[in-house]
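Hi,

Here is the structure I promised to pass on. Have a look first, and my notes follow below.

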Amino acid sequence: MSDLEKAAEYITGAKNILFLSGAGISAESGIPTFRGEEGLYKNRRAEYLATPQAFTRDPEFVWGWYNFRKDLVSSKEPNAAHRATTELKELIPAMLVVTQNVDGFHREAGVEDLVEMHGNIFRARCTECPYESELRSTESDMPRCEKCEGLLRPAVVWFGESLDAGVLNRIFEMIQKADLMLVVGTSGIVYPAAGFSVEVRRSGGRIIEINPDKPHSMGKDDIHLQGSAAQIMPELVEEVKKRL
Ligand code: BJW
Ligand code: ZN
């Protein structure tokens, strides 16, 4: 049996599945990954830009990066991997779709109940008051709050910031009962997401990873499907359908 077929059997045999995606799932939509070769902005790395310190130092520069990325995301669309994820979620309702991505492509591809653990690039919140809203416009590199005129910031999670408690609760509830986790297109470097597979494995669950890169640490029953998400996800879903 091929690894792809084995992975499909894991999926149809699982009771609860945690699905986690990262920047790699949107790579084939034309959105650069963070740690890939094109992941720089004006010679700055995400580790520098995605911090509250960078925003305090130079909010205009950081907004410039976000507006550049918002324009890019608006000009692109979900790919075959996002669509396959939606199909899988429809076939297996006991799967929770969690993404580290802020592009909203999973929702655009039809996943209604999406957990965006690092927020959404088209939302902004006030640095002075509780105001938060959608902000699609990319006109201003210093957007202001409608309520108090305070400086707005992207409603995303930066390094050193905590994730939303409700979001973390939903994920940890699923981790406790998940007997399978699908990890698609993430380098597994950034916590807390980097720790999820360790937790699932610790409670006896198995991992299927899809990534063109070499596998991360693997348990003996884990499967690494090496290749691009847009190629492998649809193939995997086809194998799942044969078994349902
Ligand atoms: C393909 C492909 C194709 C290519 N198909 N695949 C414990 C230990 C050590 C450090 C920490 C720790 N706990 C917390 C920390 C600190 C920190 C952290 O993890 N630092 C690490 C660098 C070590 N974490 C935090 O600060 C987090 N907060 C937190 O934990 O709060 C409590 C706390 C605070 C302080 C101390 C301790 C506890 C918050 C993390 C927020 C991350 N934010 C960002 C920006 C979001 C907004 C935005 O987008 O602008 O999130 S950074 C960036 O990295 C973004 C991503 O979601 C995240 C993950 O990146 P991802 O998705 O994995 O992308 P890449 O580029 O790394 O990988 C792409 C992968 O795709 C590669 O593997 C490719 O091979 C693959 N690929 N093409 C499939 N076609
Ligand atoms: Zn305000």
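Which elements do the buried residues of α1 pack against? Before the answer, the ground rules. This is a predicted model, where local features need pLDDT of at least 70, side-chain atom pairs count only at pLDDT 80 or more, and totals for chains, interfaces and linings use all residues. Residues are numbered from 1 along each chain as its sequence is written, chains are lettered from A and ligands numbered from 1 in the order written, and side-chain values use heavy atoms, without hydrogens or water.

Now α1: its buried residues pack against β1 (17-21), α5 (80-91), β7 (180-184), β8 (206-211), β9 (223-226) and α9 (229-242). Contact means heavy atoms within 4.5 Å; buried is under 20% relative accessible area, exposed over 50%, partly exposed in between (1.4 Å probe, protein chains only). Helices (H or I, at least four residues) and strands (E, at least two) are DSSP runs, numbered from the N terminus.

In α1 (residues 3-13), L4, A7, A8, Y10 and I11 are the buried ones. I11 touches I17, L88, I92, L180, L182, I208, L236 and V240, leaving aside residues up to four places away in sequence.

There's also a zinc ion (ligand 2), with C126, C129, C145 and C148 as its protein donors, each through SG, 2.3 to 2.4 Å away. Donors are N, O and S atoms within 2.8 Å of the metal (3.2 Å for Na, K and Ca); water is not among the atoms, so sites may look incomplete. Along the chain, the donors follow the spacing C-x2-C-x15-C-x2-C. C129 is partly exposed at 23% relative accessibility, while C145 is buried at 1%.

Cheers
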